[in-house]
Amino acid sequence: MQVARVMGEVVATMKDANLTGMKLLVLQPLTAAGEPSGRTVVAIDSVGAGVGEQVFFVRGREAAFPFYPAEPPTDAAVIGIVDPMANR
């Protein structure tokens with residue numbers, strides 16, 4: 001799993017039929033310190049995340065698991081929203 005910030009949504013009129021009804025998000029992966037790290041990623045949203053939120057996501061074949069029995073053609077999926085953390 002990796003942590004990222006949701007930068008925006010992708011609108012695609014023409015797409016694979018197995019992606020119909022699925023929200024696509026643009027993610028900026030983050031370091032442990034919360035700094036941007038690497039290239040942006042497009043991921044399917046399984047939890048209702050919104051722009052500006054910090055999320056965690058998975059890559060690879062496991063990205064399709066939250067949508068079982070459907071098998072969307074994806075290699076990245078948002079699987080959780082990070083709650084704000086208090087300083088300790």
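The largest nonpolar core of this predicted model has eleven residues: Ala4, Val6, Leu25, Leu27, Val41, Ala43, Ala49, Val55, Phe57, Ala76 and Val78. A nonpolar core is a set of buried Ala, Val, Leu, Ile, Met, Phe, Trp, Tyr and Cys residues joined through side-chain atoms within 4.5 Å. Buried means under 20% relative accessible area, with a 1.4 Å probe and protein chains only. At least two residues of this core come from each of strands S1 (2–10), S2 (24–29), S3 (41–45), S4 (54–59) and S5 (76–81). Strands are DSSP runs (E, at least two residues), numbered from the N terminus. A second, separate core has eight residues, including Leu19, Leu24, Val58 and Ala77. In soluble globular proteins, nonpolar side chains tend to be buried together.

Within the largest core, Ala43 touches Lys23, Leu24, Leu25, Leu27, Ala76, Ala77 and Val78, not counting residues up to four places away in sequence. Contact means heavy atoms within 4.5 Å.

Threonine 74 lies in the loop between S4 and S5. Threonine 74 counts as buried because its relative accessibility is 18%. A polar atom of its side chain lies 2.8 Å from the backbone oxygen of alanine 76.

Overall, the protein has five strands and zero helices. Buried residues make up 32% of its 88 residues.

Residues are numbered from 1 along each chain as its sequence is written. Local features need pLDDT of at least 70, side-chain atom pairs count only at pLDDT 80 or more, and totals for chains, interfaces and linings use all residues, while side-chain values use heavy atoms, leaving out hydrogens and water.

Key
Buried < 20%, exposed > 50% of the residue type's maximum accessible area, 1.4 Å probe, protein only. Helix = DSSP H or I, 4+ residues; strand = E, 2+ residues; numbered from the N terminus. Polar contact = N/O pair within 3.5 Å; in protein donor to acceptor, adjacent residues only side chain to side chain.
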